[in-house]
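Subject: Structure handover

Hello,

Please find the structure below. My notes on what was found in it come after.

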Amino acid sequence: MPVRLLLKLVLFIAVFPFAISAQKPAVQFQLGFDSATQHRLSVHMDFQVKNEGDYTDLVMPRWMPGYYQLMDYPENVSAFAAMDKDGKPLRWEKADVNTWRVYKTGKPVITVTYSVLATRNFVANPLVDSAHAFLAPPGIYLHEENQLQQPVAVHVLMPAGWKHIATGLDQDAAGKLIAPDYDVLYDSPVLLGNLDSFPVFTVKGIPHYFMAYQPGATNGAALMKDLKKIVEKATDMMGVIPYKKYVFLGIGAGRGGIEHLNSAAVGFTGDGYNTEAGRQQLLSFLAHEYFHHYNAKRIRPIELGPFDYNQENRTRLLWVAEGITSYYDELLLCRAGLTTPEQLVESLRHSLQAYESGPGRLFQSVSQASYDTWSDGPFGRTGDVVNKTISFYDKGPVLGWMLDWRIRHMTQNKRSLDDVMRLLYHRYYEKGRGYTEAEFRSGCEEIAGRDLSDFFAYVYTVETPNYPRYLGYGGLLIDTSWQKQPGGWLGFSGAEKNDTLRVTHISTASPAWKAGLLPGTAILRINDQRASTALLQSLLMTATEKQIIQLDTWHKGQLKRLSMQVATGKIQPFTISKNQQASNLAKQIFASWASGK
Ligand SMILES: [Zn+2]
């Protein structure tokens, strides 16, 4: 993009004149980057004390909404100091892991200063280095206990040479970032440095930005054209655009994304965009984070907001907030003409197979998986837990698909899951609250016009879904039979990294599963030869049934020899095809589902 246009855009973002409160916010932050080379952010906070008593407690959140894990934010705070408005030091102590208790002396304004160590490049963590910064807000800002409703201003002291600031927050005339309360502040990450800016697009007059740190060789103009189509389809479906601007923040190489009310932070290098498969993957990822501003942020389980930042906020509805968002990210791509209906079906089939092939489906319902996700730890599930659990990112989109087609079938294709989304938006979000489990179900039943106990059994139990019946509603056939494979079968797959073969996936009731092999285990030797994927494949190619294969493994500091009896290879391919004899209703359902019309 020409530099002039780029500068114009940045200026535009900087002075975009949104409603600015005339009153000076009671909480003022100043962020300094003098120690950026040491990955440290200097925080200076002035606030008018609101709480009564001898002291007030300052609290740092323990998690970030959208990332359902307790984080180590408070542990990265050091050099804490407190003083009154005359600069006289105040006594303070840590009251618990994320609370700083400051003793007052009667003066109304307190200043605290502290340093935040910010080293991890991830959408849920702050990062500061000499060239840029990503401010993941819960890891930076303290709030006075029980005062989340306070308006906040943030003055960013930009280092010389850093040109851009990207955020969903409004700015005042002096360039300060303004949040009407802490919930908005904690929901609004900020990306700083020298950023690339892709061409802005508008939908119904609302601007959409994409600003990125080191986005690689991305064709930003083409990407924004694609994103515009996705936003148009999503907003057409919902019939309302609830923000004044929307910003994609590309934080550089890395994985993961987190949704916010009017922005999304995404690990992003656009390199993958240059291949067809990479493009589809990237667009569904961005569509996912984008659609979340409806489903998860606004249409939200009642447990997810107002948030308790001090502890886990468990809900049994992440299969809706996450899983149904994953369903819509694929569906929107197709409706936007960016994928074909065949590609849409294939992506959903992929989720179905991922869910069906793991042993966890015998142990955990999708509702329980939603509730238990907080126990995974910030770096995901490991070891035997992987074998006993499922991912709502696999089963959730499949259930979304089934529910959608069930509703369409019950209503002669007059209503759909789209109607459920709109109902939840208007009935709960617009009334200022989330929905309960019972309300989600009754909303679905109201739109379908009948009881949906048969469907909800797949949510609350581990019963295998009747795929042929549900896919038949849209005129598809699915082959659920077991098919013999050539060669022997142990039922695990692995990947080689740094010359070590590690187990990535284990199939249900397989020889590997019965022998106690765990995901993440390093396989050192197979039948006394150095382990590799190639060796494993060649052994299995010629193996006969009941032959014993021995693995020397290393897991959590333990060497173990595991013997496995080779089984005959068999898989359920879940091949999906069109039923040429499908009813007219089924054909209509498929066509209007894929087109959104
Ligand atoms: Zn998500």
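Predicted model: local features only at pLDDT ≥ 70, side-chain atom pairs only at ≥ 80, totals over all residues.

Residues are numbered from 1 along each chain as its sequence is written, and side-chain values use heavy atoms, with hydrogens and water left out.

Zinc site. His-288 (NE2), His-292 (NE2) and Glu-322 (OE) coordinate the zinc ion at 2.0 to 2.1 Å. Donors are N, O and S atoms within 2.8 Å of the metal (3.2 Å for Na, K and Ca); water is not among the atoms, so sites may look incomplete. The donor residues follow the spacing H-x3-H-x29-E in sequence. His-292 lies in the loop between helix 4 (276–291) and helix 5 (318–335), and Glu-322 lies in helix 5, so this pair, 30 residues apart, links distant parts of the chain. Helices (H or I, at least four residues) and strands (E, at least two) are DSSP runs, numbered from the N terminus. His-292 is buried at 0% relative accessible area, and Glu-322 is buried at 2%. Buried means under 20% relative accessible area, exposed over 50%, and partly exposed in between (1.4 Å probe, protein chains only).

Strand 1. Five of the six residues in strand 1 (residues 27–32) are buried. Strand 1 pairs with strand 11 (residues 152–156) in the parallel sense over five bridges, with His-155 as the bridge partner of Gln-30. Strand 1 also pairs with strand 2 (residues 40–48), in the antiparallel sense over six bridges; there, Phe-47 is the bridge partner of Val-27. Two strands pair if DSSP finds at least two bridges between them.

Aromatic pairs. The structure holds 43 aromatic pairs. Rings of Phe, Tyr and Trp (its six-membered ring) pair if their centres lie within 6.5 Å; planes under 30 degrees apart count as stacked, over 60 as edge-to-face and the rest as tilted. Tyr-246 and Phe-248 are edge-to-face because their planes meet at 65°, with ring centres 5.1 Å apart. Tyr-246 is buried at 0% relative accessible area, as is Phe-248 at 0%. Trp-319 and Phe-440 form another edge-to-face pair, with 5.6 Å centre to centre and 90° between the planes. Trp-319 is in helix 5 and Phe-440 in helix 11 (residues 437–448), 121 residues apart.

Surface. Leu-559, in strand 29 (residues 558–565), is exposed at 59% relative accessibility.

Regards
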